[in-house]
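Me: I would like to learn how to read a structure, one feature at a time. Please give me the general idea first and then the case at hand.

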Amino acid sequence: MNKKSRRLVLILVVLLLLALLAVLLVRCRGQRTAIVAGEAPKAAPAGVPTSASPASAALPPESLAPATLQIPGHVTAGASFDVAWTGPDNPGDFITIVRADAPPAHYENRTETRHGSPLALLAPMETGAFEVRYVTARSHAVLGRAPISVDPAKVTLAAPEQVTAGASFAVTWTGPDNAADHITIVPKALPDGQYRNHTATAKGSPLQIIALMDPGPAELRYMSGQDQEVLARRDILIVAAGVTVAGPPQVTAGASFAVTWTGPNNAADYITIVPKTLPDGQYRNHTPTAKGSPLQLTALMEPGPAELRYMSGQDAKVLARRDTSIVAAEVTVAGPPQVTAGASFAVTWTGPNNAGDYITIVPKTLPDGQYRNHTPTTKGAPLQLTALMDPGPAELRYMSGQDQKVLARRDILIVAAEVTLAGPSQVTAGASFAVTWTGPNNAADYITIVPTTLPDGQYRNRSPTTKGSPTPLIAPMDPGPAELRYMSGQEARVLARRDIAIVAAKVTLDAPSRATVATPVTVAWTGPNNANDYLTIVPKTAPDGRYLRRVPTSKGSPVAVEAPGEPGAAEVRYMSGQGDRVLARVDIQLVAAP
């Protein structure tokens, strides 16, 4: 092989290697693309559409078919008007009103076409030549347009030339009454676009406005709800109200007294009494001027220099003031040096007898402002108070109903009541028996008989101590260990107790084994013969506690008991009058009459 042939072979080998390298590079790039395609897709930069975007792929092409618009030739500034349209109604397409020379992408007030045809569009507050346009959402293409003239709103305001500060007055007006339009009263110097007291024009004409509290030149303004533009204005003068307030030169702490006044009597105005040093704008006890003149006011409890103030309900301004002095009330309280726990006793007192005042008895250590048993001072002097149940040092207190202050106090000792109980050691279930007792016999005290295991504070059969001693008591129906208890009516405390046993009653019945239906059956019996005990004949299946005809055991033994009218198995029963319990029973067969 010559030198030239060898060179040619070498060139061919190099070309072949380059070709193989190119194939390998293409294959590697394909594998990398496949791996990347399996990863989560990265978001494209904002505002940059991409053909690979799923959202773009999902949207149908934007239709740019021509649109038509039907609108009035004129509309009042700020008013809502109807636009009838036809067009592609692409998602987000809208109708807007703009100046005729506005760029296609520019819009102001607008409504999306998804609201249907016709739709409502809001006119701007500026006047002159405008254009209504159908604009696509994505490309901002203007598919239809129609000229419209925005005319100034005709607005007038009429009101009195002057009004009293804080007073309500009438304003008549004409105007567009667009959404959120309102009439306001403002200081003359207040910049346009701001407002003070105002009323929506939706309230009609005339409408009511409340004057400002600051006297001086002011202005009524008709304000556009769209951009707070002043559509009309009118001067008005706010004059100070003539206000006076008068009352006694001094009053007793907590007492009710009369105040006379003159003034505007505006909504929420009131008269208050406050400490002389209290900053203006704050209040204490007060009464609305709507109560008339004179009105009643309650003095504060703190003695010292004070002030009557006529307060504006609008911004709590002081319109008039008058000095007064609050003097401490002379208060005394007296009672016996000691009293039995739970007993009623007399308390004498002197004091203001203000609304809500009361006398209370409390443990000596109870903090001021709290109370226990109490009686209002309106009950007069002396009044009756009930001692606490806990023996020990106590205190009588005269309490102010206004702020629970203690105006007077007196020591008193509560001593335990001496209580005894006596009764039989045992008693038959359901029987009546006598209990003798000694004790305070306070209001609602009572004697009860209960199972020994019953917690204190609960009761069963009972008799009030007002029945005297001895007092009758009826034993429960359940046999077993029991207890007599003397119970306090104030908080159901056990003041004394005594054991007693309840034994079951011994009851027998003697009756024929067969009887004719609906005929008298003679029954002999023995038993407790407690109050309301009785005999009855019932079908064997009748639940306990039921009866047909019954005969009281107080009729004696033997006694005739009428049989039921249905034949079959039956029972003669001795029934307790206390709880309709069956104390004894005997079978009887009832047969039909021959």
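Reply: Let's start with arginine 321, which is partly exposed, at 40% relative accessible area. Buried means under 20%, exposed over 50%, and partly exposed lies in between (1.4 Å probe, protein chains only). This is a predicted model, where local features need pLDDT of at least 70, side-chain atom pairs count only at pLDDT 80 or more, and totals for chains, interfaces and linings use all residues. Residues are numbered from 1 along each chain as its sequence is written, and side-chain values use heavy atoms, with hydrogens and water left out.

Me: With which residue does arginine 321 form a salt bridge?

Reply: Side chains of opposite charge can pair when their charged atoms come close. The rule here is a side-chain nitrogen of Lys or Arg within 4 Å of a carboxyl oxygen of Asp or Glu. For arginine 321 the partner is glutamate 307, with the closest N and O atoms 3.2 Å apart. Arginine 321 belongs to strand β24 (residues 318–327) and glutamate 307 to strand β23 (residues 304–311), so the pair ties together parts 14 residues apart in sequence. Strands are DSSP runs of E, at least two residues long, numbered from the N terminus.

Me: Is glutamate 307 buried or exposed?

Reply: Glutamate 307 counts as buried, at 4% relative accessibility.

Me: Which side chains meet in a salt bridge that links distant parts of the chain?

Reply: Look at arginine 493 and aspartate 390, whose side chains meet at 2.6 Å, N to O. Arginine 493 sits in the loop between β39 (480–487) and β40 (494–503), while aspartate 390 sits in the loop between β30 and β31 (392–399), 103 residues apart. Arginine 493 is partly exposed at 30%, and aspartate 390 is partly exposed at 44%. Another pair joins glutamate 112 and arginine 114 at 2.8 Å, N to O. Here glutamate 112 is partly exposed at 24%, whereas arginine 114 is exposed at 61%.

Me: How many salt bridges does a search of the whole structure find?

Reply: The search finds 37. Lys188, Asp192, Glu219, Arg221, Arg233 and Asp235 are linked in a network of them.

Me: Now the nonpolar core: which residues touch the most other members?

Reply: In soluble globular proteins, nonpolar side chains tend to be buried together. A core is a set of buried Ala, Val, Leu, Ile, Met, Phe, Trp, Tyr and Cys residues joined through side-chain atoms within 4.5 Å. The largest one has 21 residues, and Leu69, Phe81, Val83, Ile95, Ile97 and Val132 touch the most other members. β3 (80–86), β4 (94–98), β6 (119–122), β7 (128–135) and β8 (142–151) each supply at least two residues, and β8 gives the most, with four. Valine 132 has contacts (heavy atoms within 4.5 Å) that include Phe81, Ile95, Leu121 and Ile148, not counting residues up to four places away in sequence.

Me: Which residues of strand β22 are on its covered face?

Reply: In a regular strand the side chains alternate between the two faces of the sheet. In β22 (residues 295–298), Leu295 and Leu297 form the covered face, while Gln296 and Thr298 form the uncovered one. Strand β19 (residues 256–262) pairs with β22 in the antiparallel sense over four bridges; pairing needs at least two DSSP bridges. Phenylalanine 257 stands opposite leucine 297.

Me: What order do the strands of the open sheet have?

Reply: The order is β25-β27-β30, three strands with antiparallel pairing. β25 (332–334) and β30 (383–386) are the edges with a single partner strand each, so one side of each is left without a neighbour in the sheet. Within this sheet, β27 (residues 344–350) and β30 pair over four bridges, and alanine 346 stands opposite glutamine 384 in β30.
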